[in-house]
Amino acid sequence: MTRTLIALLCLGLAGMLGWALWQLPGDVGLKSDLQSELQGQVQADIVGLPALVAAHLDQSGVRHPVTAVLLNFRAYDTLLEIGVLLLAVLGVLAVRHAAAPEPVHPQRAGAVLAALVHLAVPLMVLVAGYLLWAGAHQPGGAFQAGAVLAGAGVLLRLSGRLPALLPPGFWLRAGLLLGFAVFLVIALGVTRGGHELLAYPVQQAGGLILAIEASLTLSIGLILVSLFVGAPSPPEHGGEASE
Amino acid sequence: MNDILPWLYDSLIALTLLWIAWQTLSTRDLFKAVLLFIVFGLLMALAWVRLQAPDLALAEAAIGAGLTGALLLDAVGHLRVPRRPGPRK
């Protein structure tokens, strides 16, 4: 009885989601006959967001429309996103710290895993850097780069090279905060020049976005690893551990 | 022939996604469910590529499949330890 009810509710939700998706203006990149027919009919009603972004792309400081939206046109959303991530990791650290976790003994890595980590981790750091840089003109950016960095951290942790130190040290806290802090300082800083909040001056937009993305990458990587490790070691010790 | 191939490919991805999603939810083995979830994330990334959203595909593969998968595997590992005294249902 309950199962049937849940199944019906799920079906209803799926139907609603499908209906909502069907109502979206279809000028993205989907090429079906029906879509192009529909486009002809409703073209007048559609606020063409992709066209709007494309028209103002040269004022954004980057050449990739997605990065332009995330870091410039709708940067407020991204600012709140990194804020939410920071709050989440603060919660995890607080809970782990209060619960006085049992000392973790990561098992010694086997020879194959150790060799793999030696090969993969530098490569992953390189890929993260590339993704960060590529975000300016093609798919990539801070979140993807940060996730790859975090993947490298998780790999180090699993192979026992990243010890869990119980009290998060100063450098770790600073690293967690860096992305949000830099973002906030730049967001408020541009208001001193007579601009709106987060409305970068056109000439400096590229540099500001790069600064924000670089610090976001570092912070997102640290935040995601911290979510995994719980009470991780500060970065200064991470270097020593992988000698 | 050139028209039907992408269509076939897309419907294969869509059907496999639905099937894996169902398997993930219905399997009783948590470890298997996590593995299926990771496979789901990777296939979803492929679907995003087909929908011409490579940014989402990158994020899905890195965060959705990779990190969430690692977190879930970690959680499964923690769940197994205290259960050792009593047999699992």
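## A loop residue of chain A

Gly61(A) touches Ala205(A) and Gly206(A), when residues up to four places away in sequence are not counted; contact here means heavy atoms within 4.5 Å. Gly61(A) belongs to the loop between helix 3 (49-56) and helix 4 (65-73) of chain A. Helices (H or I, at least four residues) and strands (E, at least two) are DSSP runs, numbered from the N terminus. The C-alpha atoms of Gly61(A) and Tyr200(A) are 9.1 Å apart in space, although 139 residues separate the two in sequence.

With a relative accessible area of 37%, Gly61(A) is partly exposed. Buried means under 20% relative accessible area, exposed over 50%, and partly exposed in between (1.4 Å probe, protein chains only).

## Basis of the description

The structure is a predicted model, in which local features need pLDDT of at least 70 and side-chain atom pairs count only at pLDDT 80 or more, while totals for chains, interfaces and linings use all residues. Residues are numbered from 1 along each chain as its sequence is written, chains are lettered from A and ligands numbered from 1 in the order in which they are written, and side-chain values use heavy atoms, with hydrogens and water left out.

## Chain A as a whole

Chain A contains 10 helices and zero strands. Along the sequence its pattern reads α-α-α-α-α-α-α-α-α-α. Of the 243 residues in chain A, 34% are buried. Among its contacts between residues at least 6 apart in sequence, 74% join residues at least 24 apart.

The accessible surface of chain A is about 14600 Å², and carbon and sulfur atoms account for 70% of that surface. Accessible areas come from the Shrake-Rupley method with a 1.4 Å probe, and for residues only the protein chains shown count as cover.

Ser215(A) is located in helix 9 of chain A. Its relative accessible area is 6%, so Ser215(A) counts as buried. Leaving aside neighbours within four places in sequence, Ser215(A) is in contact with Leu178(A), Gly179(A) and Val182(A).

The side chain of Ser215(A) also reaches the backbone oxygen of Ala211(A) at 2.9 Å. A polar contact is a pair of N or O atoms within 3.5 Å; within protein, one must be able to donate a hydrogen and the other to accept it, and residues adjacent in sequence count only if both atoms are side-chain atoms.

Tyr76(A), Leu80(A), Leu184(A), Leu188(A) and Leu197(A) make a nonpolar surface patch of about 450 Å². Two or more residues of the nonpolar patch come from each of helix 5 (75-98) and helix 8 (170-192) of chain A. Patches are made of residues with over 30% relative accessible area and no salt bridge; like charges are joined within 9 Å, and nonpolar side chains (Val, Leu, Ile, Met, Phe, Trp, Tyr) within 5 Å.

Leu184(A) has its place in helix 8 of chain A. Its relative accessibility is 32%, and Leu184(A) therefore counts as partly exposed.

## Salt bridges

Over all chains, the structure holds two salt bridges, each defined as a side-chain nitrogen of Lys or Arg within 4 Å of a carboxyl oxygen of Asp or Glu. Arg74(A) forms a salt bridge with Asp77(A), with the closest N and O atoms 3.2 Å apart. Arg74(A) is partly exposed at a relative accessible area of 48%, and Asp77(A) is partly exposed at 34%.

In chain B, the side chains of Asp10(B) and Arg50(B) meet in a salt bridge at 2.6 Å, N to O. Asp10(B) lies in helix 1 (residues 4-26) of chain B and Arg50(B) in helix 2 (residues 30-50) of chain B, so the pair ties together parts that are 40 residues apart in sequence. Asp10(B) is partly exposed, with a relative accessible area of 31%, and Arg50(B) is partly exposed, with 35%.

The size of an interface is often given as the accessible area lost when the parts come together. Buried area is the accessible area (1.4 Å probe) that two parts lose on being put together, summed over both. Between chain A and chain B this area is about 1200 Å², and carbon and sulfur atoms give 72% of it. In chain A, the residues that lose the most area to chain B are Pro139(A), Gln144(A) and Phe228(A), which together account for 39% of what that side buries.

The contact involves 16 residues from chain A and 12 residues from chain B. Between the two chains there are zero salt bridges, whereas two residue pairs are in polar contact, both at pLDDT 80 or more. On the side of chain A that touches chain B, helix 7 (142-158) and helix 9 (205-229) of chain A each supply at least two residues. Helix 7 of chain A gives the most to that side, with five residues.
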